[in-house]
Every structure is written in structure tokens, then in C-alpha cells.
Amino acid sequence: MSSTVAPKTANPSVAAPPPRAPRVELRSLDTLWFQVAGTVCNLACRHCFISCSPTNHTHEFMPLAEVERYLAEGAQLGVKEYYFTGGEPFLNPEMERILEATLKVGPAHVLTNGLLLDDERCRRLKLLAEGSPYSLDLRVSLDGLTAEANDPIRGAGSFDRVMAAVRKLAEVGINPVLTVTEVLAENGSAEGKESFLDLLRTLGVDKPRLKVLPIFQIGAEAERGGAYQSWQRLAEGDVMEQGWDHLQCSSCRMVTGQGVWVCPILVNEPQGRMGETLADTLNSYPLDHPACWTCHVHGVSCRT
Amino acid sequence: MGNRPPQDEAERQRLAEERARLAAHRGKATWGEKLVPLGEFRAAVERSGRVLAGEERAAEVASYTAPRGDKVAVEGPYSKVIVFGGVYNNHRALAALLDEAERRGAEAIYCLGDLGGFGPSPNEVRPLLEAGAVRTIQGNYEESLAGGAEDCNCGYADPRDNHFAKLSYGYTAEQTAADFKRWMGQLPCRRRIRVGNKEVLLVHGSPRRINEFLFASTSPDPFLEVLLEQEDCDLLLCTHTGLHWRRTLPSARQVANVGVIGRPANDGTTQVWFAVLEAQTSGEVAIELVPLVYDHLELAAEMRREGLPAEFVETILTGWWTTCLEVLPPRERALSKY
């Protein structure tokens with residue numbers, strides 16, 4: 001074994017999946033994700049579930065031509081919407097051309113940290129949105145209501161830069177969805193949600209929108225907040241009663257430069273890779289990762 | 001930077017840790033909770049999943065997109081039908097619609113569900129449906145009311161939207177007669193009709209889910225093509241979103257969201273919308289989306305008498321939605337006042 005760094009929060013359960021994990025069928029391929037910037041990011045957030053950073057090349061940028069191949073296959077399978085994430089998507093030098101190609105075949109969502117949204121890019125994104133019959137939606141991440149709360153998690157100076165980015169988006173008429181995680185417990189409370197919506201209003205967003213996500217105790221977050229416990233796993237029968245619809249893996253797949261994964265969360269797990277093309281991955285998947293427990297228990301969907 | 005005070009030991013250590021953290025992935029990959037050499041991760045990725053041969057892939061795609069064999073009997077054939085959805089207790093608009101159907105000489109009238117919610121006096125709706133011999137399918141409202149569910153299952157996440165959805169559902173659930181609820185419970189979830197030489201599938205949200213939203217800006221052509229292929233129909237008609245639109249797909253198949261007659265289309269006018277399907281001499285079907293004017297002032301007065309929220313009354317009077325806005329995609333939301 002050539003493993004080099006001993007994990008601080010070693011958890012044997014991660015290495016030993018339970019023998020009878022429930023399997024989720026792909027009900028329909030509605031949402032296609034792209035790890036378009038790989039795991040490369042201009043931030044290194046302490047709660048990042050896939051430990052993105054400037055030096056993390058676990059997954060690399062996806063070139064336009066590669067994205068187009070999957071867009072064509074997605075259209076053939078009737079994909080309803082496309083999501084782009086990373087890393088930071090706008091680090092990918094072809095990102096705007098990728099959006100242009102995508103908006104010809106369906107609605108597009110971009111999950112960004114907002115750091116690269118300057119005036120020019122905001123204007124170009126507005127033009128892209130206006131040029132398509134389909135919606136373009138931007139999600140901008142923030143994890144605290146003040147720099148003091150946000151920056152220790154997302155990085156020094158990030159709060160002010162996100163405030164500036166949201167202002168610019170509002171100025172050009174793009175209404176972003178602010179995405180916060182429950183890394184700070186108060187973020188997800190009713191009061192917290194109202195405060196984030198108020199913050200958006202002060203930035204000039206007159207129809208504020210918010211998405212709150214739970215944290216996944218993997219990647220950098222396992223270091224920061226602790227890893228999953230052995231009991232946080234799904235077993236046969238857990239999911240069947242509710243059906244599959246609340247689990248995003250029943251209707252999504254994630255494409256990276258290394259193939260097609262089951263969902264956006266498990267891209268740092270080689271066993272999350274289901275195949276090379278979308279057609280390889282229309283089969284079922286076992287919910288044998290502790291992160292699957294979070295999706296099930298919290299009813300998480302990474303979708304907006 | 002020359003004026004910067006010298007770093008103390010704690011800060012120096014913090015910066016060193018931060019630098020180490022930023023550089024941690026040089027040549028490494030995260031695998032679960034471990035850092036491993038990139039090559040090791042990529043080799044494991046190569047071994048994972050299944051890679052099908054060309055013909056196996058084609059078979060997978062063909063089986064995924066193949067018609068799913070709907071056994072629902074086909075009603076008709078018709079040359080002219082009226083299709084509407086989303087009554088939302090608006091019995092005044094429903095009465096106006098029945099008059100319009102008679103005036104236009106429709107052979108049949110179909111309702112795509114969501115009889116309750118939002119408006120006043122739910123029990124006024126049933127006698128009108130019966131008088132007009134309206135053939136109704138179940139919406140999420142009927143499913144919830146008949147099943148005694150605690151909410152309308154509209155699928156809202158925003159606390160404000162849910163607050164108003166609960167008020168609306170609570171009122172309807174309390175007021176609706178028990179035998180009306182039972183009647184809702186036996187409604188079919190889909191119908192098929194023949195108009196001209198085309199087969200039309202009627203659903204509430206989408207063919208897949210009773211509460212799936214089919215908005216214009218988030219229902220791309222390739223998606224609709226596959227949906228209609230799987231359902232083996234020429235036309236698809238739905239409601240549920242409250243916003244009407246129609247489209248002819250590259251294959252010449254057609255899709256329309258017929259909108260709702262229960263509340264305005266969030267466009268600043270008080271009219272509501274329904275659809276007329278008419279067979280052409282060629283056998284093709286023309287879909288017309290039609291605005292309907294009704295006595296909205298009288299409806300607003302009745303809503304006030306019933307103690308319904310002022311926000312709902314405002315929508316009836318102004319044509320702008322005041323609640324349930326979070327589900328609108330960016331393009332539709334941009335056209336919205338709130």
C-alpha cells in the first residue's frame with residue numbers, strides 16, 4: 001500500500017462497506033453534472049467535501065470538446081438540466097464557451113465561489129442567458145453573514161469578494177442563488193435563512209434566493225469537523241419504504257475528466273465511478289458510502 | 001508591506017500550516033480520507049465501473065428511450081376539445097370556461113387536476129364539473145386531499161412559500177366535503193385521447209411525477225422528445241406550474257402546458273388560461289392557448305369573506321403572484337414582479 005498520509009480521523013467503516021447496502025435504480029437521467037474545473041480551486045475551504053485547492057489535481061479541467069461529447073449523449077437520453085461545478089468552474093478557460101454550448105441543448109446551472117465574477121464576465125454571462133431559450137442559473141457560495149464568520153472557513157478576504165460579486169451580478173440583472181452550508185449551525189436556522197436573504201437585499205438582489213446544504217463529513221470536512229461514525233450507514237430496507245425520489249442518484253450522474261460517477265459527492269471515491277459513457281451508467285448503484293446516509297437522512301439534493 | 005508589524009510565533013505557525021495545506025495535494029489525490037499518489041487513484045478509477053461494448057451501449061440507450069407500454073384506453077376520437085388545469089377553487093373562472101366551451105362547440109372538456117387550494121368555497125367546483133361533463137385527472141392536490149395528507153405536496157422548500165401553501169391547503173382540506181374527497185381519490189392519474197389522427201397524453205405535472213414542474217425554460221427539446229418517445233404519444237399536455245406555454249418539437253410532436261384557470265399567469269393581467277385542441281383537415285392538431293376573462297372582482301370579494309390571505313386576493317386583483325415564487329426558474333422569475 002503506497003498510502004502516504006495517515007488520516008487524522010481514521011474511520012474503518014469507510015473502508016468496509018456493509019454487505020447489504022440498498023441499491024438505487026436510475027429512474028431517469030434528469031440532471032447531468034460536470035466536474036468542469038476538476039478539483040482545482042482558487043480557495044481551499046476547510047469544509048470542502050472533496051478537498052479542492054489550488055494544487056488538487058485529483059480531477060483536471062474538462063475541455064470543451066469533452067463536455068460536448070457528453071452533452072450530445074445527454075441530449076440523446078433526454079437530460080433535463082446541466083450543472084457545472086468544481087473546484088471553481090470559471091478557472092476553466094473554456095467555461096463560457098462550455099456554457100454557450102450547453103444553453104443550446106438545455107438549462108445550465110453553475111456553482112461558483114464568485115471570486116472570478118468581474119464586471120466583464122457578469123455582462124458576458126447576462127448575454128449568454130439572454131441568448132438562450134433555457135435558463136442560466138448561478139449559485140454563489142458563502143458560509144457566514146460576516147467576514148469574521150465566513151473567512152476562517154472559506155479563506156481570508158473571500159467574504160468581501162463575494163459581496164462585490166453578488167452586487168455586480170445584481171447590477172447586470174442576474175439573480176444568483178446564494179448557497180450556504182450548515183458548517184455553522186445557525187446558517188440553516190429559520191433566523192439564519194432570513195438573515196442571508198436580507199443580506200442579498202442589501203446587495204441589490206430584489207428577489208433573493210437561498211439554498212442551504214448540510215455538510216458531508218468527508219474530504220477537508222472530515223479533518224475540520226470529524227468523519228462519519230460507523231453507525232452512519234444505510235442498510236437494506238432503509239430506503240425502500242420512502243422510494244427513491246429523494247435521492248439524487250435516482251435521477252443524476254456526474255461526469256469528470258475520468259468518466260461518469262454516480263453523483264457529485266462521491267467523485268473522490270474510485271468506486272463512485274460507474275463507467276466511461278452515460279450509457280454505461282444507466283444501471284443501479286449501491287448506497288454503501290456514509291455520505292449516502294447524509295443524503296437519505298437530510299433529504300439532500302445538490303440541485304438548486 | 002514594509003509597515004507590517006513583525007509576525008508573532010503563533011501567526012508564523014498558522015501561515016506555515018496554511019501553506020502546507022494549500023500544497024498538500026501536489027502529486028497527490030484525495031481518496032476517501034487518505035492522500036494517495038495520483039497514479040494510484042487513477043489506476044483504481046480505471047478498474048471501477050463497467051465499460052460496455054459499442055452495441056451494448058446502443059442497446060442500453062434504446063431500452064432507456066423505448067416506449068414504456070401505457071395501457072390506458074384511448075378516448076375519442078375528437079375534432080375539438082378543451083383542456084384546462086388548476087381550478088384552485090376558482091369556481092367563477094370554471095363557470096366562465098364552461099360557457100366558453102359551449103360557445104366554441106367543444107366535444108369534450110378535460111381537466112388536468114388541482115381543483116383546490118388558493119381560492120374560496122371548494123365544494124362549488126364539483127357541481128360545475130358534473131354539469132359540464134368534465135373528464136378530470138388527479139393533481140397533487142386531489143392526491144393529497146383524498147389521501148388525507150398533511151400538505152399539498154407542491155414541493156416547496158422556502159419557508160414563506162410553505163407557510164402560504166399550508167394556509168391554502170388547510171382551508172381546502174377543512175372545507176372540502178368528504179364524498180368530494182373520495183371522488184378525487186378515484187380519479188385517474190392520466191388519460192389518453194385521440195384528436196384528429198394524433199394521440200394526446202394528458203397528465204398533471206409530467207408523465208413521470210404528479211408534482212414535476214414543466215416550465216418552458218427548464219424543459220429542453222431533447223428532454224421532451226425522449227419523454228414523448230417513452231410515452232409513445234404525439235402530443236403531451238400538462239399543467240401544475242401555473243404558467244402556460246406550447247412548443248412544436250423538431251420531430252413535429254407538440255407539448256403544451258395549458259396553464260391554470262385558478263389564478264392569473266403572473267403577467268400583471270387578471271385573465272387566466274386554457275387550451276383548445278382542434279383537428280385540422282390534414283389530421284394534424286392545432287393547439288391554441290386562450291386567455292379567459294371572468295368576474296375576478298367577485299372572486300376577490302368572496303375570498304375576503306372567507307378570510308383567505310390578503311396576499312392571495314392581491315394576486316387575483318393584480319395578476320402578479322405573491323407566493324409560491326421560489327420554484328420559478330430564473331427566466332420566468334425575471335418576468336415576475338416579486
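Q: What area is buried between chain B and chain A?
A: About 5,100 Å² in this predicted model. Carbon and sulfur atoms give 50% of that area.

Q: How many residues does the contact take from each chain?
A: Chain A puts in 67 residues and chain B puts in 61 residues.

Q: And how many salt bridges between chain B and chain A?
A: Seven. One pairs the side chains of B:E18 and A:R46, at 2.8 Å from N to O.

Q: Switching to the sheet. What is the strand order in chain A?
A: The order is β7-β6-β5-β4-β3-β2-β8-β9-β10, nine strands in an open sheet with mixed pairing. β7 (209-213) and β10 (273-275) of chain A are at the edges; each has a single partner strand, so one side of each lacks a neighbour in the sheet. On average, neighbouring strands are turned by 30° against each other, direction ignored.

Q: Do β2 and β8 of chain A run parallel or antiparallel?
A: Parallel, with four bridges joining β2 (residues 31-35) to β8 (residues 252-256) in chain A. A:T31 sits opposite A:C252 of β8.

Q: Now the inside. Which residues have the most contacts within the largest nonpolar core?
A: A:F34, A:F84 and A:L99, in a core of 97 residues. Helix α6 (residues 158-172) of chain A supplies the largest share of this core, six residues.

Q: What does A:F34 touch?
A: Leaving out residues up to four places away in sequence, its contacts include A:M62, A:Y70, A:F84 and A:M254.

Q: What about a second core?
A: That one is separate and has 43 residues, among them B:L97, B:L145, B:V276 and B:I316.

Note on methods: Residues are numbered from 1 along each chain as its sequence is written. Chains are lettered from A and ligands numbered from 1 in the order in which they are written. This is a predicted model: local features need pLDDT of at least 70, side-chain atom pairs count only at pLDDT 80 or more; totals for chains, interfaces and linings use all residues. Side-chain values use heavy atoms; hydrogens and water are left out. Two strands pair if DSSP finds at least two bridges between them. Helices (H or I, at least four residues) and strands (E, at least two) are DSSP runs, numbered from the N terminus. Axes are lines fitted to C-alpha atoms, for helices over the stretch in contact, and angles run from 0 to 180 degrees between N-to-C directions. A nonpolar core is a set of buried Ala, Val, Leu, Ile, Met, Phe, Trp, Tyr and Cys residues joined through side-chain atoms within 4.5 Å. Buried means under 20% relative accessible area, exposed over 50%, partly exposed in between (1.4 Å probe, protein chains only). Contact means heavy atoms within 4.5 Å. Buried area is the accessible area (1.4 Å probe) that two parts lose on being put together, summed over both. A salt bridge is a side-chain nitrogen of Lys or Arg within 4 Å of a carboxyl oxygen of Asp or Glu.
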